[in-house]
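Work through the exercises below with the model open. Try each task before reading its solution.

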Amino acid sequence: MGIRRSILYAILLLAMITLSVLPIYLVAQEQKGGASNSITFISVSLDRVGEAFRAGSIDAYIYGLRPSQLDQFQGISNIRFISAPGGLVSLVLNPAPVKTVNLTGDWTKKSLDDIAKAIGYPKAVISQVYYDKDKGVTYVDLAADGSNINPFALKDVRYAMNYIIDRDFIVRNIYRGYGAPMVTFLSNYDPTYMLISDLVATFGITYNPGYARSLIEKALTAAGATLVSGKWYYAGKPIQIIFIIRTEDERRDIGDLVATELENLGFVVNKQYLTFAQALEIVYDTDPKELQWHIYTEGWGKGALEKYDSATPAQMCAPWYGYMPGWQTEGWWWYRNDTLDELTQKLYFGTFTSFEDYKQTYRNVTAMCMQESVRIWVATRMDIHVVRADAQGITEDLSVGLRSPFNLKALYIPGKPDITIGHLWVYTSRTIWNIYGGFTDVYSVDIERATYDPLTWRDPFNGEPIPIRVKYSVTTAGPNGTLSVPSDAIIWDASQGKWVNVAPGTTAKSVVKYDMSMFIGAKWHDGVNITWGDILAAWALWFDLVYNNSKASFETPISGPNKPFFDTIKGLRIVPENNTLEVYVDYWHFDPNYIADYAALTPINPAESLVLQNIVVFDMHKYAFTTDTGRAKKLPTLNLVLKNHASDLASLAQQLLAGSVFPSKYFATPQGTYMSLSEWKARLQAFINWVNQHGHAWISQGPYYLDTFDDQAQKAVIKAFRDPSYPFNPSYWVKGSASPPMLTVPATPTIVVSNATSFIVNIVPPTITAGGRTTVASGNIYVQYIIKDVQTGTVLDVGQARLLTSGATMLTYQITIPSDITKRMAPYNYYQILIYAFSEAVAVPAFTSITLQAQPSISQMIAGIVTGQVAPVQQQVSDILKRMQQMELELSNTSRQFTLLGQQLGQQLTGSLQQVVTLLQQQASATSDVAKLIGSVGQQLNTLAINMSAIQSTMQRSVSDLSNAVNKVSGDVIGVSTSVSDLKSSITELNNSVAMLNNYILALTALVVVLIILNIVLLIRVLKK
Amino acid sequence: MSIGIIIMRRAVFLALALIIAVFLTGFIIGATGYVDNVVKAIINEEVRAYRQALSKMPNVNQSYVDKLTRSYQQMLVRTYGLDKPWIYRIIPLVYSTLIFKFGDVQQTSVAEVAGFQLPAKASDVILACLPRTIVMITVAELITIVLALLIAPRITFKIGSLADRIAVIYAALTNAIPVWWLALVMIFIFSYRLGVAPQQFRGVIKVLSTMSSAFMAGNAVSFFSSFGNLLSYVWLPILTIVITLLGPWIYSTRAMLLRIVREDFVLAAVARGLPQKVVLRKYILRPALSPIMTSVLLGLAGTLGGYIITESVFDWPGMGTLYYQAIASGDPATILGLTYILTLVYVVARFILEVLYVALDPRVRL
């Protein structure tokens, strides 16, 4: 009884333990919010990262390291590097003239010859002609004026610079492989590169100093310079190039490399090794025409991954944007190009009408920009981030690597719920945490992004906008049509300071319907419910900032740039029943995701926080939102993470609470009110509590909340927001790693000149691996090929491969090189086929190249022989012909003789046989052997006869083939398609046949002799009897 | 002439030197266009950045971009005062600096050194950086001096002895070693290998600011409780500096003493059979006091200028970093403020020396 009871108790106890632990386990498995319990951000300087990992004081480092800084990690094994494009390196050339001649009136339509005549200088030195409408003067810029020369004012010299840069060497050795070569403003790491890659390849830019030398020689000689013992001279002086080389990073090595190439080309290079400020002072702060510099090693930060990057062409190619020499500074000489201005503005301001239009414009810009070559592109360099090898939840974001919000939200280390991430800084004097004018440095942005969820974000692998905490549908009538905005849609009226219905007849190009279910009903970090009031206030306060004159003029750095966006917002419509927000917008893009991204306004802070912030800035003028306004008006910039700023906001909240001040205008629409006074008061109280508890005022809605921020100790702690109303588990953020498509050519093709060639390209589609599962990424894959002459670099053909079969794990494409392309190839020349596969899902393309020797066609072979040795071959052919005729004759004689011989033999045999038969009949036993023998001889003879006729017909066929061939050869030399080798082999065959025939004849003769002897023996025997 | 008049004359002379030094600094940075050039470059850079930022704004057209950029540029020009000639900006600033009304810091990078955001007063920025330099460099120098003054006399009589040779070799060695290099080695050993010193020294900023606010509030408990915390940060930099400075200090003090040791009156005293201690105290130290005090006071005053590279190695933004940043970014208020403060300290040190000379050496009165 006692034992039973004990067992029962034990079972009960076990059950209790299990049941109590199980829910904890389940909760742990399905917990909402961030993947780690907390993340502490600390500042670690770049040279101490290795030591910090070694000491175990950080688990990840998210500031980009340079390849040269990786040495500090030697001997540390439990880490991994994640790289993402960090910046671009280019050389900007100074195209300024040495002299400008003014002509009255517009000369831009006239020919260069006319202009040259008018100014009295040779045509070859005219570098730019620009007409100033206001002054009615045409400025003719000269690259050389008889006493001075600027080689880079000559377009051809600039273009030649492309060929003296050994980009592969730079990437491999200077960037230690952490880079990608660039020949234009985009590289393989830009999704938009897909639109222009083939075009870029047609330029065939490679490291080819010989070609550069020839281009430069032509251009400089035409401009009047002379090359004396390998050095360039103009007006008796050596041509000197001032090369500004930045010293802080790899650009120093790149500069040295390029300088050496320039010296080899015959220039005197004055290398000036300068740091940031010194270099800028010369390059950007002097008139290019002063020619204080010729080349400068520029560096650029890499922007976000953008599927359709419309700004970079303007930035890197177009004068209007202000990044080309002259820098749009009044009174200085400017590089001008009206066509580039016009085309890049079309891209930049979105005035294209279709994808095709966009693509074509992009290509035109690229081509012209490359021809102009004011910037010579060198490489995309990678930023390297470091993380513990056992870290999980990593998304290998192709744009920002480990800094990606996907990573910060999902990163965890098994068995270590509290992790530490190092950054270069946590707080600097530029670190401003407010959504209106702050978040201009990476240090604030990187932490902020872990604390809020945006409506849309960019796909980490291809840069296309994707929904994050929303679902949306887009309806558009663009680019040219319009939709009518419903009359119950609302718009903020800044003059009245309230929400009103849109004016009747309001139209918009597109409408985006956002399903806000993942916001409405969820909670802010301070525990307050997210409501429509928050969404309305976010929009209303923005509208007011832009359109309310007193606010707009106070914070012009915000209102100015944002006004054009809000001008396009035509109305909002709230449909609370299905949690939908409709945004009517005058914006169109061929990709609807871009429209949804454009019209999205994420509620990042709760309404009361936004209202308080706006009051301390615009009503109290105690703070500014931007550092610019702050500096101009000598006000501190509102920084929600600073304790005293947060306290000011909290005491304002206290005042509002005490005075029951309720700004209901932001929450009331003609259709209803979305905030009550009691709710407002509860929110203010929650805000005050939050500030008291955390010492800062940053309240948001993401998977982590900002727990503490210590500016002086350079430390910030974020903790997981485990509220059950929060919609996402950590796994939601894991996008994993993307493998780009893989490309193989299973069988190397053979190119035969003048023959069309097809070959197969197999593509393994891109995959995305997340949480141990690998899935094939959806989206189209484009396969392009380019055929180049290896020797000259000229492009013979560019084309698209055709999709043959499409399987889940393998796609087969066919590339067909048409005969009109192979016709242009020279036999035995080497050609390179470059094959690229681009996928819409993953921005990194696959690439392979095949180098082949073109094979001559048979006709070419013969034509080659004929053109080389016409007479001997003709002689040979006629000899062959003669020999053939002779052989034919011999053959027919032989066959006739043979037939005759056969007939005689047959007659003889018949006679002999009859005699033999008689003999046999008489002497059956004695002659049986002989009879057998005779039978076999007969059989052999029959076989012989058959063989003979076969040989004869073969011979006849061969002979007729031969005679046909020979006829063709003699008729039309190129038409001798049955090759000489065929001929030769036929002859050999014929000779063999003849030899065989001779053998047969010999055998036959021997047989006849034997038969005769046999006959004689028989006759003797018969006679004896 | 009475001592009082002599000292007064010296004081007036030094005060004049101070005013001239500040005025000259203002004149140099203003008239040469140095500040204007640096600020113009900064404005241009900011305008370019602004234009680039505009590229990320949707739906802005070119004329609008131009308009915004222009007005932004004008705003910056006004903010930095470049719309007025230098004389209207710098000269009033020189005057206000001289009466201790330091101007506003213009450049974010300067405020950054102090850990402030704009707007900030140059005086606040300097006051934030000064204690950092004092607790590290001045204290280290002080310790070095005390050690040197204790050690040097002891080896003065033992020229050529092992101790003397070690001191000389040590001096030569440490004289050749840059402080920042030793700092790197020390951090590597003590912070990362042995783990007895902090890896991040920037935390000292917080400790110092807690201490200074406790000091202002008269909260002695909080002040002294932070003291241990301060020590945990400061011991390694101080040790580093002491190791490097001690050698040269011992050597130079030894040289000063040696010169006197060879004087006739010392030899006579030794010949008279006076005990070594008496000879040292009465015959050597007394006459050596003037030059020693000169190097001590001027050396201590000099420490306030900070060590640029060493500060950067320890991530300890003090006066050196501030001076460098102020000059690099052309921040006139801070440049003038720093020049004024450092010259003032020097002038005061000189004045004290003058008084000491007079007190110590009767010959100076003439």
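**Exercise 1. Confidence**

What pLDDT does chain A average, and what share of the residues score at least 70?

*Solution.* This is a predicted model, in which local features need pLDDT of at least 70, side-chain atom pairs count only at pLDDT 80 or more, and totals for chains, interfaces and linings use all residues. Residues are numbered from 1 along each chain as its sequence is written, while chains are lettered from A and ligands numbered from 1 in the order in which they are written. Step one: take chain A, which averages a pLDDT (the predictor's confidence in each residue, from 0 to 100) of 87, with 85% of the residues at 70 or above. Step two: look at residues 19-29 of chain A, where pLDDT stays under 50. That stretch has 0 contacts beyond four places in sequence; a contact means C-beta atoms, placed from the backbone, within 7 Å. Step three: take chain B, with a mean pLDDT of 86 and 98% of its residues at 70 or more. Step four: read the scores for the complex, an ipTM of 0.78 and a pTM of 0.77.

**Exercise 2. Domains**

Find how far apart the centres of domains 2 and 3 of chain A lie, and describe their contact.

*Solution.* Start from the bounds, which come from an automatic or database domain assignment. Domain 2 of chain A covers 89-98 + 143-380, and domain 3 covers 453-701. Their centres, taken over C-alpha atoms, are separated by 43 Å. In the contact, 11 residues of domain 2 meet 8 residues of domain 3. Now classify the domain 2 side: 6 nonpolar, 3 polar and 2 charged residues. Here Ala, Val, Leu, Ile, Met, Phe, Trp, Tyr, Cys and Pro count as nonpolar, Asp, Glu, Lys and Arg as charged, and the others, Gly among them, as polar.

**Exercise 3. The interface**

Which element of chain A gives the most to the side that touches chain B?

*Solution.* First count: 46 residues come from chain A and 42 from chain B. Elements that each supply at least two residues on the chain A side include strand E1 (38-43) and helix H17 (556-567). Helices (H or I, at least four residues) and strands (E, at least two) are DSSP runs, numbered from the N terminus. H17(A) gives the most, with 7 residues. By class, the chain A side has 18 nonpolar, 18 polar and 10 charged residues.

Next, the packing partner. H17(A) packs with helix H3 (residues 62-80) of chain B at about 180°, with the axes 11 Å apart. Axes are lines fitted to C-alpha atoms, for helices over the stretch in contact, and angles run from 0 to 180 degrees between N-to-C directions. H17(A) and H3(B) are therefore roughly antiparallel. Angles under 35 degrees count as roughly parallel, over 145 as roughly antiparallel, 65 to 115 as roughly perpendicular and the rest as oblique. Among the residues that meet are Pro557(A) and Pro561(A) in H17(A), and Tyr64(B) and Leu68(B) in H3(B). The contact of H17(A) with H3(B) has 6 nonpolar, 3 polar and no charged residues.

Conventions
Two residues are in contact if their C-beta atoms, placed from the backbone, lie within 7 Å.
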